[in-house]
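Work through the exercises below with the sequence and the model open. Each task is followed by a solution in steps.

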Amino acid sequence: MPDAIFAHPRLAPVYDAFDGDRDDLAAYVGIAGELGAERVLDVGCGTGCLAILLADSGRTVMGADPAWASLAVARAKDVRARITWVHGDATALPPFGADLAVMTGNVAQVFLADEDWAGALQGVHAALRPRGYLVFETRRPDWRAWEEWAAEAGRRVIDIPGIGSVEQRSEVTGVRFPFVSVRGTYTFGADGAVIVSDSTLRFRSRDELESSLVSQGYRVLDVRQAPDRPGREFVFIAERTT
Ligand SMILES: C[S@@+](CC[C@H](N)C(=O)[O-])C[C@H]1O[C@@H](n2cnc3c(N)ncnc32)[C@H](O)[C@@H]1O
């Protein structure tokens, strides 16, 4: 089950407002160009921000996510119905023959158990064309992002058109490396509703990621930085070996 912030019908519509500017995404459209990818699969597409940019760039796009509520937000943005939206997790992707599969927004960190991550890599493998590419980001454990999150934990209020004022209180609720748990508590000014979303993320080392990719039939072509978050992320560019 995806976390409430993605899956709850009242929280998914406020996700983009709290997520802020998506300065991270242009780099992925650039990588799609660099790799000559025309058919792109956005795994864990969430509210569809990247899928929309990819479709705007003229590519054939499929967005998949297990959270209905996020997919509904994504569909509403796709006014010309250019994108194929799929309700499903990374292990249940339809055959798409993708030139490229992407996982942005640190989707890779939602797979907590080794077998979940292996299953996701297998699912993506099957949805790629032979020699297709997988590009994903994940936070570097040595950056210790959770310390920053704990220091910045607090309260934000945003007035969201059509929804009204929403307060977000965020806190780090547990660090048992490689697992970090965070909680967001959302209070809706319109009716006082309070909805809590708990998330746990796994931080994997570069070596763990490389060996998991190799064992699931990928070759690592490059590991880069995210241009908007230097030093904080691994951006893996991998290729199906067959
Ligand atoms: C932080 S959001 C990122 C969304 C989007 N990629 C972006 O960059 O805005 C993580 C997404 O992963 C999705 N997710 C959770 N479990 C998943 C799974 N098993 N397979 C695929 N996606 C999953 C969530 O529903 C959520 O939409």
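**Exercise 1: the ligand site**

An oxygen atom of the ligand lies 3.5 Å from a polar backbone atom of G105. The model is predicted, so local features need pLDDT of at least 70 and side-chain atom pairs count only at pLDDT 80 or more, while totals for chains, interfaces and linings use all residues. Residues are numbered from 1 along each chain as its sequence is written, and side-chain values use heavy atoms, with hydrogens and water left out.

Solution. 
1. The ligand is surrounded by 17 residues, the closest being R22, G44, D65, A90 and T104; a residue is near a molecule or strand if one of its heavy atoms lies within 4 Å of it.
2. By class, this shell holds 10 nonpolar, four polar and three charged residues. Ala, Val, Leu, Ile, Met, Phe, Trp, Tyr, Cys and Pro count as nonpolar, Asp, Glu, Lys and Arg as charged, and the others, Gly among them, as polar.

**Exercise 2: aromatic pairs**

Task: describe the geometry of the pair F18 and Y186, and state which parts of the chain the pair ties together.

Solution. 
1. The whole structure contains nine aromatic pairs (ring centres of Phe, Tyr and Trp, the last by its six-membered ring, within 6.5 Å; planes under 30 degrees apart are stacked, over 60 edge-to-face, the rest tilted).
2. F18 and Y186 are edge-to-face, with 5.7 Å between centres and 70 degrees between planes.
3. F18 belongs to helix α2 (residues 12-19) and Y186 to strand β8 (residues 179-188), so the pair ties together parts that are 168 residues apart in sequence. Helices (H or I, at least four residues) and strands (E, at least two) are DSSP runs, numbered from the N terminus.
4. F18 and Y186 are both buried (under 20% relative accessible area; exposed is over 50%, partly exposed in between, with a 1.4 Å probe and protein chains only).
5. The side chain of Y186 also makes a polar contact of 3.1 Å with that of Q168 (N or O atoms within 3.5 Å; within protein, one able to donate a hydrogen and the other to accept it, and residues adjacent in sequence counting only if both atoms are side-chain atoms). Q168 lies in strand β7 (residues 164-176) and is buried, at 11% relative accessible area.

**Exercise 3: F188 and R144**

Task: is F188 buried or exposed, and where is R144 found?

Solution. 
1. F188 is in strand β8 and is buried, at 2% relative accessibility.
2. R10 lies over the face of F188, 4.3 Å from the ring centre (NZ of Lys or CZ of Arg within 6 Å of the ring centre and within 35 degrees of the ring normal).
3. R144 sits in the loop between β5 (128-139) and α7 (145-152) and is partly exposed, at 40% relative accessibility.
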